[in-house]
Amino acid sequence: MRHAALGRLRHDHVSSEPGESWIHRVAPFHASGDPVALFRRLREVVAAMPRTHIVTATDDYLHAVCRTRVGFRDDLEFRWCPSEGVAHVTSASRVGLFDFGVNRRRVKRVRRKSWLEAINSGRASAPGDAV
């Protein structure tokens with residue numbers, strides 16, 4: 001029982017994966033057209049982030065390790081879901097029970113920068129940041 005209560009108190013991640021609690025929920029990334037182009041854009045945005053190292057990058061999966069300003073390591077993952085036509089995102093702290101909103105801000109920053117890149121290249125018309 002104690003572990004179940006602790007799980008509800010954890011504020012150390014955000015995710016768009018199905019079944020995620022509302023408090024951790026963020027919107028997935030929608031592909032307008034080619035999912036490979038979406039992952040290429042995500043890879044470029046994530047690679048340009050400070051203190052971030054890409055661990056795995058394929059046409060349908062991206063995993064990066066991000067260091068916070070105080071040195072903690074967080075995981076950032078994108079997974080293509082063909083049945084939904086979206087890339088699910090998870091950003092999670094490796095240690096601690098609370099992330100002070102770092103993971104949610106990280107996902108918002110990636111969404112904003114990837115949308116701006118798409119706009120500049122003529123591939124998008126609206127950000128789609130709704131949850």
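**Close-up views of a predicted chain**

**View 1. Thr 90 and its neighbours.** Leaving aside residues up to four places away in sequence, Thr 90 touches Val 14, Ser 15, Glu 17, Asp 75, Leu 76 and Glu 77; contact means heavy atoms within 4.5 Å. The model is predicted: local features need pLDDT of at least 70, side-chain atom pairs count only at pLDDT 80 or more, and totals for chains, interfaces and linings use all residues. Residues are numbered from 1 along each chain as its sequence is written, and side-chain values use heavy atoms, with hydrogens and water left out. Thr 90 sits in strand S6 (residues 86–93). Helices (H or I, at least four residues) and strands (E, at least two) are DSSP runs, numbered from the N terminus. One of the neighbours, Ser 15, also makes a side-chain to side-chain polar contact with Thr 90, at 3.0 Å. A polar contact is a pair of N or O atoms within 3.5 Å; within protein, one must be able to donate a hydrogen and the other to accept it, and residues adjacent in sequence count only if both atoms are side-chain atoms.

View 2. H2 covers residues 35–47. Its 13 residues, at 1.5 Å each, should span 18 Å, and the end C-alpha atoms are 18 Å apart, so the two agree. The expected span is 1.5 Å times one less than the number of residues. Asp 34 caps the N-terminal end: a side-chain oxygen lies 3.1 Å from the backbone nitrogen of Val 36. Buried residues in H2 are Ala 37, Leu 38, Phe 39, Arg 41, Leu 42, Val 45 and Val 46. Buried means under 20% relative accessible area, exposed over 50%, partly exposed in between (1.4 Å probe, protein chains only).

**View 3. The aromatic pair.** The structure holds 1 aromatic pair. The ring centres of Phe 29 and Phe 78 are 5.3 Å apart and the planes meet at 85°, so the pair is edge-to-face. Rings of Phe, Tyr and Trp (its six-membered ring) pair if their centres lie within 6.5 Å; planes under 30 degrees apart count as stacked, over 60 as edge-to-face and the rest as tilted. The pair links distant parts of the chain, 49 residues apart: Phe 29 is in strand S2 (residues 29–30) and Phe 78 in strand S5 (residues 73–81). Phe 29 is buried at 4% relative accessibility. Phe 78 is buried at 1%.
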